[in-house]
Amino acid sequence: MSFPRPGRAVATVTAVAALAGLAACGTVGEAGDDPDPSGSGKDSFTIGLLLPDTHTARWATADNPLIMKRIKELCPGCKVTHAYASADVATQQQQIESMIANGAKVLILDPVDDKALRSSIARARDADVPVVSYDRLAEGPIAAYSSYDSEEIGRIQAQELLKAMGPKARDGQIVMMNGDPTDPNTRALVKGARSVLDGKVKIGRSYYTAGWIPENAFRNMSAAIAELGADRIDGVLAANDGLAGGVVTALKAADMKPLPPVTGQDADLSAIRRILKGEQYVTVYKSFEAEANAAAEMAVALGRGEKLDSIAKDRVSNDTSDDIPAVLGPLVPVTRDNIEETVVKSGLYTVDQICTPAVAIDCREAGLSP
């Protein structure tokens, strides 16, 4: 199976460092040189990029630089204005208003809350500023959507967890560490996972993790261990790799040996290393480049007044429309047995990046060598 090649995030280290400095206070920054500062050219328009938080590693290290890189390739005269919302709806609403007021022609929006931002998206539409919903499907009159099938991710996570548990699944119980309850992806992930888990295993505790914050997952998992008992937890369905990290920290703090299988998604580098060490069983790899490229391509096309038919082959529905142009990327489960065939072969990480001295022995055992 072939995989879309992710972007070379290492080439954007300087940009990412600059973004990180801005992210903590949610400041809006700019990236990209405009060779036509007069604004007279067709391709001299501004695209606003709004990301939800700073504690999820992928936004600054992958999505932001990849989107900006692709926009610059497609539209050298375009300017990208970016902002992080610090997981706060009011902050993101203000950022949207500011970008519209400052002349953004298109917005790429990963909503903190899909419902709460509906009125802001409607105001963007009224100002003739189309919105590309990114990663999370927003409500309201969005123009396009770039993401993945979150229900399918939930199904993959559940299937892999049951596979890892084996015969223990029949009489065992698990903990579900879901994402933020305001995130539409959380609802879809839970729906997909429950379609597989229900009737197959007991769900001892299920938590929603505010803000997708790993520290909250740690607290929730610690509570589950205290309530259920360390010897009564046979698996954990963690919704993403950040939450998986918090879960694993709590399991290790409770001195659970061996650790029960834990799921995740996003193929974070730290998760790949946990998988090598046997601390996390699986992550779901999604090509950030495919998602970012689709969003950039749709945003540039919309800014030029072009149709999306050649870019967006899928269609999704929200509360406003059942015919939203969309690009839904491929999904691949990654376990210890296929790291080289997935995240290494695709170019997401090199073996050198993965195999630090702390996991050198695990890398050799898994057949990973520079």
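Student: What do we count before we start?

Tutor: This is a predicted model, where local features need pLDDT of at least 70, side-chain atom pairs count only at pLDDT 80 or more, and totals for chains, interfaces and linings use all residues. Residues are numbered from 1 along each chain as its sequence is written, and side-chain values use heavy atoms, with hydrogens and water left out. The protein has 14 helices and 13 strands, taken as DSSP runs numbered from the N terminus (helices H or I, at least four residues; strands E, at least two).

Student: Why is Asp135 called buried?

Tutor: Buried means under 20% relative accessible area, exposed over 50%, and partly exposed in between, with a 1.4 Å probe and protein chains only. Asp135 has 6% relative accessibility, so it counts as buried. Asp135 sits in the loop between strand S5 (131–134) and S6.

Student: And what makes Ala87 partly exposed?

Tutor: Its relative accessibility is 34%, so Ala87 falls in the partly exposed class. Ala87 is in the loop between strand S3 (79–84) and helix H3 (89–101).

Student: What makes H7 mostly covered?

Tutor: Of its 14 residues, 10 are buried, including Pro184, Asn185 and Leu189. Among the elements covering them are H5, strand S7 (173–178) and strand S8 (202–208), where contact means heavy atoms within 4.5 Å.

Student: What caps the N-terminal end of H7?

Tutor: Asp183 does, with a side-chain oxygen 2.7 Å from the backbone nitrogen of Asn185. A polar contact is a pair of N or O atoms within 3.5 Å; within protein, one must be able to donate a hydrogen and the other to accept it, and residues adjacent in sequence count only if both atoms are side-chain atoms. The 2.7 Å of the Asp183 cap is therefore inside that limit.

Student: Why is one space called a cavity and another a pocket?

Tutor: On a 1 Å grid over the protein atoms alone, a cavity is a set of points where a 1.4 Å probe fits but cannot get out, while a pocket is an open set with protein on both sides within 12 Å along at least five of seven lines; lining residues have an atom within 4 Å of a point. Points are joined across faces, edges and corners, and a volume is the space filled by probe spheres set on them. Among the residues closest to its centre are Asp135, Asn185 and Trp212.

Student: Which helix gives the most to the lining of the second largest pocket?

Tutor: H7, with 4 residues. That pocket holds about 260 Å³ of space, and Asn185 is one of its lining residues.
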